[in-house]
Amino acid sequence: MTRIFPPACMRNAVLPNQVSFIGKSFSSPFCPAPYRTDPINPMSTHSVTDDNNPLSDIPPSGKILGLDLGTKTIGVAISDGMRYSATPIETIKRTKFTQDAERIIELIAQNQIVAIILGLPLNMDGSEGPRVQSTRAFARNLAPKVNLPIAYWDERLSTSAVTRMMIDADMRRDRRAEVVDKLAASYILQGALDRLRRG
């Protein structure tokens, strides 16, 4: 099973201040002025994180599922039980939300997942476009079905970083297209794992 370990220097340089949380203001090198995200009305006791610390609702132990939501596919990655590394698992070809959610629920049950990290595709200036709204709607619909905490993680440049790694590894173009989404999910999840270990 392929594992991806983005260099710490690249993670820190490309995607600093990655956590995005609901109803709070913050800034990053990509977003000099603070901005505010839109609140979500949770539909279950475990819903999308809405807290000063967006990772605070994630249990202290257990595997975490990482998702890179695209318009045609969903990249999936899973952490190990000790949360040291993220492993790309599969790429779900999107059909309808119900079918997509069913596959995610299967993966949650098979791997005893305790929380979900969902990549948030912010614009480079930190603003929110249609893809962010689509991602939020997906999270809002998924939350009551899985009854697990869901935290957003800024995914800006994650696909670009993963693509550079694959090119550096001399991976064929067709092979890159097959694995880029799940590798991006692994990259996103690894960043969240690193933050969790730092506290």
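Student: Why is Phe97 called partly exposed?

Tutor: Good place to start! In this predicted model, Phe97 has a relative accessible area of 23%. Buried would need under 20% and exposed over 50%, so a residue in between is partly exposed, and therefore Phe97 gets that label.

Student: And what makes Phe138 count as buried?

Tutor: The relative accessibility of Phe138 is 3%. The cut-off for buried is under 20%, so Phe138 falls into that class.

Student: How do you know that Phe97 and Phe138 form an aromatic pair?

Tutor: Look at the ring centres: they lie 5.4 Å apart. Rings pair if their centres are within 6.5 Å, so Phe97 and Phe138 qualify. The structure holds one aromatic pair, and these two residues form it.

Student: Why is the pair called edge-to-face?

Tutor: The angle between the two planes is 80 degrees.

Student: Which elements does the whole protein contain, and in what order do they run?

Tutor: The protein has five helices and eight strands. Starting at the N terminus, the order is α-β-β-β-β-β-β-α-β-α-β-α-α.

Student: How many of the contacts between residues at least 6 apart in sequence join residues at least 24 apart?

Tutor: The share is 67%. As for burial, 50% of the 199 residues are buried.

Methods: Residues numbered from 1 in each chain as written. Predicted model: local features only at pLDDT ≥ 70, side-chain atom pairs only at ≥ 80, totals over all residues. Heavy atoms only, no water. Helix = DSSP H or I, 4+ residues; strand = E, 2+ residues; numbered from the N terminus. Buried < 20%, exposed > 50% of the residue type's maximum accessible area, 1.4 Å probe, protein only. Contact = heavy atoms within 4.5 Å. Phe/Tyr/Trp six-rings, centres within 6.5 Å; stacked < 30°, edge-to-face > 60°.
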